[in-house]
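Work through the two exercises below with the sequence and model in view. Each task is followed by its solution.

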Amino acid sequence: MRGVVHRWCGRVCGLLALAGILAACAPSVRRLAPPAPDAALSVAKAAAMDAMRQASPERAARGWLRCAAGAYRAALAGGAVADEAVALDTQCTGHLLDFLLATEDERWKARTLDVGGDPLAVQLDGLSPDLAGAPMFVRAERIQISSLMFGQRFATNGFGVALVAATRRCEGTPRCRLFPPEGVTRTAVAWVEADAQGGTPRLVFADPLKRGSLAIGPREYVLSMDTTAPYAMLADASQLKQLAIRNLLVNGRDIGVRQGVYLLEDYDPGKIPVVMLHGLGGSPLVWARLTNRIQGTPALRSRYQVWHVVYQTNAPVLLSRLRVQGFLDRTWAAVDPAAHDAARAHMVLVGHSMGGIIARLLSADSGDVLWRAAFLVPEQQLHGNADDIDTMRRVLRFTPYPGVDTAFFLATPHHGSPATEDFFGRLAQHLVKPGGPELDAIARLVKANPEGIQPDLLRAYRERGLSSISSLRPDQPVSRAAWSLLPVAGVRYYTIAGSLPGEAVPGDGVVPLESSFLPGAVSTTTVTSGHRVYRNDEAINLIVKTLGESP
């Protein structure tokens, strides 16, 4: 079948297995071999045997190069040996890469190498434009995948050797800020090819997500790729895990430097953004399983692109909504300054816990509900700096973010959480001290307008201040008013709640079930889980299934 490489026996693991296959071609066992293969494939197998006999790494690498080039020439001719030839090319390219990645410059660029006396041209063919400068390559299979974090590895065993290409983050443009400070990682694949007439063979590095397959002679072969490895490599280098809890303390300054939207893949003007919002004290790393599923499922990968949001979770929820709105605005300005891309027309929001509240508010219209819950007078009668009043207006008055039409709320305390009232909740209120110019503006307005503020809110503000913890209390006046703000008509939304057996109050141990549910949801699902619903397979399956079925 065209484009199918699963008929192959698979990669031969280790030199002993490869020797067993190639031994059939050796003179000493020729009487046991099947009919002689194509001459080019025989040359390739002989080169592999020679490589295994060499004590010198350079001479062995030359043998693997000759094996891969000969196998490619055999595949060009087609016929019965074509599939065997492309499999051998992949195996020999892998051995060659083991040598080259250990001995050549860490950063790769187009040049001609000397491999044990044989020339090899390096060709970088259509790699991600987000890679800044000469990339570093790592064998994808060498990158460890945590099953707890990622669930599973998504990889395709096809033609070529699956790699991860990595560079530092670029500098100097707004678009550069959309990549993690740790760097940029992308899928890659490598193979050796050669012309039928001879000449210098080429080591080609390409992007399998763009190429998909490669025509070799009369046949088409799917390229090898690993979509999990680039994210896993980046996650392993990330400092977000250590910074997540510190996000709540020390004014969240470390996270404040990093806050914004981050892209894990090349921006595509035609693919729907799935914007993921973590919860209190969390980071985008909580979305590893869901991100991995979307990027590893071809039907979803071709339709959606994942955007991760980093924000300071110590700030009040309404202020975080405003900040996230700003992050999204800056992202669109960087990737689509003309505002013409189809990607803008449909956006998906996925929020966990407090991130779910932000997602709901990003899809709602506040009208005057929140202003009336906070103030006794219209904004025209407030005393204070015009910029401070404008800040308060933008916090309390908003419309749905343009283009949002789907939202998923996971373990979200839409009606507050009693956990804020227990010992640890009260302790957190004393420890969490958010900062920022917006909170300074609010403090000045409170001081200048004590008679214009709703008494309950003023009392709560003076007793507990403003933070993410205090704004999640069920008795917080403005937050209580925000409970009535549902996604506007046209936004499909789904609630997923966790429930643990034996809890005095049914729920996930942090958020009661009744606080997780919203009227008007397309579906309301309860899974057996603690608060980390983002790791629950049933919850992830529901999101993936819904995305796949969305019109």
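Two strands pair if DSSP finds at least two bridges between them. Strands are DSSP runs of E with at least two residues, helices runs of H or I with at least four, both numbered from the N terminus. This is a predicted model: local features need pLDDT of at least 70, side-chain atom pairs count only at pLDDT 80 or more, and totals for chains, interfaces and linings use all residues. Residues are numbered from 1 along each chain as its sequence is written, and side-chain values use heavy atoms, without hydrogens and water.

**Exercise 1.** Determine the strand order of the open six-stranded sheet.

Solution.
1. The order reads β1-β2-β7-β6-β5-β3, and the pairing is mixed.
2. β1 (112-115) and β3 (136-139) are the edge strands, each pairing on one side only.
3. β2 (residues 118-125) runs parallel to β7 (residues 198-206), over five bridges.
4. In this pair, Asp125 stands opposite Ala206 of β7.

**Exercise 2.** Find the disulfides (cysteine sulfur atoms within 2.5 Å) and give their handedness.

Solution.
1. The whole structure holds two disulfides.
2. Cys67 and Cys92 are bonded, with sulfur atoms 2.0 Å apart.
3. Their S-S torsion is about 55°, so this disulfide is right-handed.
4. Cys67 lies in helix α3 and Cys92 in helix α4 (residues 82-103), so the link ties parts 25 residues apart in sequence.
5. Both Cys67 and Cys92 are buried. Buried means under 20% relative accessible area, exposed over 50%, partly exposed in between (1.4 Å probe, protein chains only).
6. Cys170 and Cys176 form a disulfide at 2.1 Å between sulfur atoms.
7. The torsion of Cys170 and Cys176 is -120°, a left-handed link.
8. In sequence order, the bonded cysteines pair 1-2, 3-4.

Terms used:
A disulfide is a pair of cysteine sulfur atoms within 2.5 Å.
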